[in-house]
Each structure stands twice: as structure tokens, then as C-alpha cells.
Amino acid sequence: MGIDTKSRGTRLASFDLTDFPMPTGREEEWRFTPVRDLADLLLDDLAAEVVVQVQGPLGSGVTVEVVGRDHPAIGLAPAPGDRVAAAAWAAAESATLVTLNAGKVEDGVTVVRVIGSDGSTPARPSALHLAILAKAGARGTVLLEHTGLAHLTQGVEIVLEEGADITVISVHDWADGSIQAASHRVRLAQDAHLKHAVVALGGALVRLTEQFELAGPGASLDALGINVTDSGQHHEAQLFVDHAAANCRSRVAYKGALLGPLARSVWIGDVLIRSRAEGTDTYELNRNLVLSKGARADSVPNLEIETGQILGAGHASATGRFDEEQLFYLQSRGIPEELARSLVVHAFFAELIDQIGVLGEIKDALKMAVDSKLDQRSNHNQRRSQ
Amino acid sequence: MTTLEIRDLHVSVDTPEGDKPILKGVDLTIGSNQTHAIMGPNGSGKSTLAYSLAGHPKYRVTSGSVLLDGQDLLAMTVDERARAGLFLAMQYPVEVPGVTEANFLRTAKTAVSGQAPPLRAWIKEVAAAMEALRFDPEFQERSVNEGFSGGEKKRNEILQMELLKPKIAILDETDSGLDVDALRVVAEGVNRAQAATGAGVMLITHYTRILDYITPDFVHVFVAGRVAEEGGPDLAARLEAEGYDRFLSAD
Ligand SMILES: Nc1ncnc2c1ncn2[C@@H]1O[C@H](COP(=O)(O)OP(=O)(O)OP(=O)(O)O)[C@@H](O)[C@H]1O
Ligand SMILES: [Mg+2]
């Protein structure tokens, strides 16, 4: 459980950068993060260097526009919860707004590509703001892709109006050495459903903070996550699931594999069931597979319950090493060691990828991305053993 | 013709208190088409022998040799031993969540035979082998051994033996936990596999009932980490009547 005994609900949230002091690294929300690596992203003079491209079924069902921060559809999600998120907001004069309109269901996926530099020059500290607005009753899928070299703090606001039912998938496949803080701030109105998934593969440091406010009765959230983390990478996800209305449901499932000796992952799952959130049904799970000595996975589930009138609340967290007996069994059937390892690791993620990949094309793309990250490692090992 | 030659094998197991010697000079030779039953009291080292031959990392060979057709088995990795033709049906088969039985069988077959089996023929072969072992085809879509009953796990081991066609098969208490019908079905599977491939079989068991279906050519009494006595099929019946006291007191 968290060391902080204060309720998660009382933690500072603000749109004003100056409300947040510079973090020292000792604060509850910073204590797992190499704050020094993010220092340049905590200031108020960030550039807008990354490129955003949007591709997809842009008919009347989905509209994409670049708008000013004063646009009525911007700033509807909960306020930033830490300084790096507030810095992204402060720097963003404009935002890319994807609106999923009601009644018109477009087939296919709206892909938002966030593209860093090609690596020929160092990436400048930058900020970016994206907004996804699902109008009442809207359906659709938005895929955020992050590639190239970047040094970025990113705000993503996701607002679901009444009865909207959408999927948002964010894949972080940055080039080596990239640093990203991303703050996903989400509000769900009555009877809205969001499937939210994050996949962290690349970069030197990816720190995701995800705030989900279940603001209207009957809202429902599936928050899924995958990280495949190699030596020298730090992948972090800090979730805050805020049950603020009655009869809401949330399911959180995050899994991570740590491949190399200096791989580092952090998962924090704060769930708050407020006194008015009667009839809440929540469960969160985090599992980590540590494949190398020296790798470290921190897993901190935290459940706060302010009402007794709930349907269910639970959490599970487990960090395990490779199962040598499974490996022996597969090898004893002739399967070479590297292939046996890869079978077991793929098996570890398979169910979650199925869950994320509603659409066949996304599932295949995710499988390929995860596979290629895992295969990099087996090639690496093979080279080493030669 | 295949020969597995075990000579003066000594094996220790890693324990927190240090190396603990378990096998103390095992001598045994198994040829093609032969069936050797191994019987002996609990804790005498039968599974240790089986695991050591398969190359389980927990066991350390301290001296002796094992040759498979003249090749040094002990110098091979676990998967190399399997590809050389050795198969172990485990006393406690391992669950592998998330890996489907179908994928597992195909991957293993591809590894053992060095090439992917032709798809159609393979699907037919698997379906036929499963039917013969009274396995519902739905098991192919389940995770390997996950949630299988004790008897289903044992049948799964013999299914693999039939499909992978080893030269030498070690069956470690495959008969334990099987009901009367399953025992017959599994024994028929072993006989079928042996008839098809001429495999040599090492059958570790506590019960003579399986020997009603699988006739051993030799029976070995395994006591305190070595073979204490050898004989024909009639030795099994004597052991069942008399127990192991005779060997234990002599120890
Ligand atoms: N990790 C270990 N630490 C200590 N002793 C061990 C360990 N592994 C095996 N042994 C011991 O080695 C001995 C031989 O075990 P083994 O499993 O080979 O016996 P077995 O003949 O197969 O018995 P059974 O008939 O009950 O299956 C036993 O006394 C067992 O307790
Ligand atoms: Mg045993």
C-alpha cells in the first residue's frame, strides 16, 4: 500500500503550473520516478516540436481540427495532477481535437500519429495537447501512436458524454533515448463506456499518469496496459480511478515483462470509491514477469472505500520470475530454450492483447509490435551466447 | 536399432543444505522394442533417474555416463536430448497457461522433426491420436495441462509420445491417477506408439495392474538409488506379494 496516508482525493489538481512546486523526488507521486530526467519538462517555456498527423475514416462521424486552448471542447477533463502535466497544459496554445460525433458510426480506426525527430539532432523539450471528445451516444476507436525521438510532456484529455462507448489505445514505441511524460485525463458521463489501453515499448523513460473520473452514474471503464521493458528503460503508469458517481464499474488490468538487467517498471493503481459512489464494482490487477536478474518492478495497488454500499472491490498484484518448470517441460519436448521462453512470454500477454484488440487489425499490429520487441531480445541473447 | 546405456550413474540434488546424493551407481541398458519396468519404494530415486536423463536443471550428475546410440546424452541440453529421441512422460506434468495445446504440439513436432509437419496430414494425425486416447478435440484449444484433471494430464503425456515418436520413452508413473478405463486406453496408446516406432520403454510404476496391458521384458527393483535386482515379468508379481522389505533390510 502507499506510504501516503492522505486520501488520493485530496491531492492537488490544478490547471495552473505555479500551483505545483518543483518536485524533489520524495513526493508520493514522484518517488518512483527519475525526476532529474524530466527536469526540462517541468518548466514553462516548452517548444512544440513534435509532429501530429491524423489519419482515418474522417467523415461526418469523426472530425479533426486544430483549435485554440479557449475552444469550448478543450479543458473539460479533470485538472492536471502534477507539475509535468500542468507544464504540458501551460505550454499548449493549441490542441488537436478529435470529435466522435453521435449517431454516425465510422468504420475503422482514427489514427493520431505523434512523431518525434529522426534522431539526427537531439530532441528539444516540447509540449503537446490532444483532446478526444465523444459526443453523447458516439461510438469509435482512436489509436495514438508515438514514434521517433522525443523529449515530450503530453496532455491527453478524453471526455465521454452520456452513453458514449469508445476505445482509446495509446502505443508508445519511441526511439531509444526518448523521454515522455503523458497525462491522460478522462471524464466519463452517465452510462458512458471507455476501453482505454496503453502499450509502452520504447523510449528511455515513459511516465504515464492516468486519471479516470467516473462522473456519471452507470459509467464503465476498462483500463488495460502492457509494458515490455528492456535494460535501461523506465516504464511507469500511475492510475487514479475515481468512482465519483453511483453504480459505476471499473476493471483495471496491467501486465509488464522486464527483459534486461536494468529494466525498471512502476505501476501504481489508486482506486477511490467516494461516499456517493454506491453500487460500485471495481477490480484491479497488475502482473509482472521478471525475466532478468537485476530488473525491478514496483507494483502498488491502493484501494480507498468511503461507502459500505458497494457491489465489489478487489485488487491483485503479483511479480514473478520465469517459471523454470514450464521452461523445462517445453524444452523436454524438443523446443529450443529461446523459443520456449518466447512462447511463455507471448502467452503471458496473449489474453490482454485479445482484450485490447477489439478490431483484428489493431490486434495484429499490437502482436507484431510486442513480438518485435521480444524478438530483439532473443536475437540479442543469441548473439551473446555465440 | 537404438540403445540407451546408463553406466554407474551418480546424481545429486541441490538442497539448501548442499548437495544430496540420490542416485548411487545406476546401471541399465535399454534397447529398441524392449520394455523395462522399474519398481521400487517411494523416495528410492526413480523420478530422479527419469529427470536426470531428461536433463532437469535441479539434478547434478556427479559421475557415470549415459550414451544414446553412442552419443553422450549428458553433454546435451534438455531440448537436444528430446531431439535426439528421448521422451519423458512426467509424474507431474506442468501447466503452461496461455500456450494452447494445438500450438504446443505443432511447435514440439516441428522442433523434434526439424521441419514443420504438412498441415493437413498433421491435423488428421492429431485428431486420430486424440480420439484413440478418448480426448475431446476441444482440448486442443485449451492451455497445455491447465485445469486438466490428473488423468487427463497423464493421457496428454502419452498423446505427445504418440505424436513425437521418440526412440526411448521414459514413463514416470503414467498409470497413477488413472481410472480403470483410462488405464487401458493409455496402455494401448503406449503399445501402439511402441509398435509404430520400435521405441524402447522405461516404465516406472508402483502397480502390477498396468503390466497386465504392457508386458515388460525386464523388471528392475530400484532401491536406495540403484538397481538392486533384475528379473523377468514374474518378479513384478513377487514384489506385489512380498513388498520391498527383503531389499531394504539387506541395505
Ligand atoms: N530438492 C530436494 N531436496 C531434498 N531432497 C530431495 C529433493 N529432491 C528430491 N529429493 C529426495 O530425493 C529422493 C528421491 O526422490 P524421487 O522423487 O526420485 O523418488 P521416487 O523413487 O520417484 O519416489 P516416488 O515413488 O514417491 O515417486 C527422495 O528422498 C526425495 O525426498
Ligand atoms: Mg517418483
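## A tour of chains A and B and ligand 1

Between chain A and chain B the count is one salt bridge. Keep in mind that this is a predicted model.

**Stop 1: the salt bridge.** Select Arg333(A) and Glu157(B). Their side chains form the salt bridge, with 2.8 Å from N to O. Now look at the polar contacts across the interface of chain A and chain B. There are 10 residue pairs in polar contact, both residues at pLDDT 80 or more.

**Stop 2: the side of chain A that touches chain B.** Select helix 3 (324-331) and helix 4 (337-356) of chain A. These are the elements that give two or more residues to the side of chain A that touches chain B. Which of them gives the most? Helix 3 of chain A does, with six residues. Now color that side of chain A by residue type.

**Stop 3: the whole interface.** Show both chains. On chain A, 16 residues are in contact with chain B, and on chain B, 31 residues are in contact with chain A. How much area is buried between chain A and chain B? The value is about 1900 Å², and carbon and sulfur atoms give 70% of it. Next, pick out Phe328(A), Tyr329(A) and Arg333(A). In chain A, these three lose the most area to chain B. Together they make up 42% of what that side buries.

**Stop 4: ligand 1.** Move to ligand 1 and show its surroundings. It has 17 residues around it. The closest are Ile22(B), Lys46(B), Ser47(B), Thr48(B) and His206(B). Color the shell by residue type. It divides into three nonpolar, nine polar and five charged residues.

**Stop 5: elements around the ligand.** Select strand 1 (3-15), strand 2 (18-31) and helix 1 (46-54) of chain B. Each supplies at least two residues of the shell around ligand 1.

- Lys20(B): an N or O atom of its side chain is 3.2 Å from a nitrogen atom of ligand 1.
- Gly43(B): a polar backbone atom lies 2.9 Å from an oxygen atom of ligand 1.
- Gln91(B): an N or O atom of its side chain is 3.2 Å from an oxygen atom of ligand 1.

On its own, ligand 1 has 650 Å² of accessible area, and the protein covers 70% of that.

How values were computed:
Residues are numbered from 1 along each chain as its sequence is written. Chains are lettered from A and ligands numbered from 1 in the order in which they are written. Side-chain values use heavy atoms; hydrogens and water are left out. Contact means heavy atoms within 4.5 Å. Buried area is the accessible area (1.4 Å probe) that two parts lose on being put together, summed over both. A salt bridge is a side-chain nitrogen of Lys or Arg within 4 Å of a carboxyl oxygen of Asp or Glu. A polar contact is a pair of N or O atoms within 3.5 Å; within protein, one must be able to donate a hydrogen and the other to accept it, and residues adjacent in sequence count only if both atoms are side-chain atoms. Helices (H or I, at least four residues) and strands (E, at least two) are DSSP runs, numbered from the N terminus. A residue is near a molecule or strand if one of its heavy atoms lies within 4 Å of it. Accessible areas come from the Shrake-Rupley method with a 1.4 Å probe; for residues, only the protein chains shown count as cover. Ala, Val, Leu, Ile, Met, Phe, Trp, Tyr, Cys and Pro count as nonpolar, Asp, Glu, Lys and Arg as charged, and the others, Gly among them, as polar.
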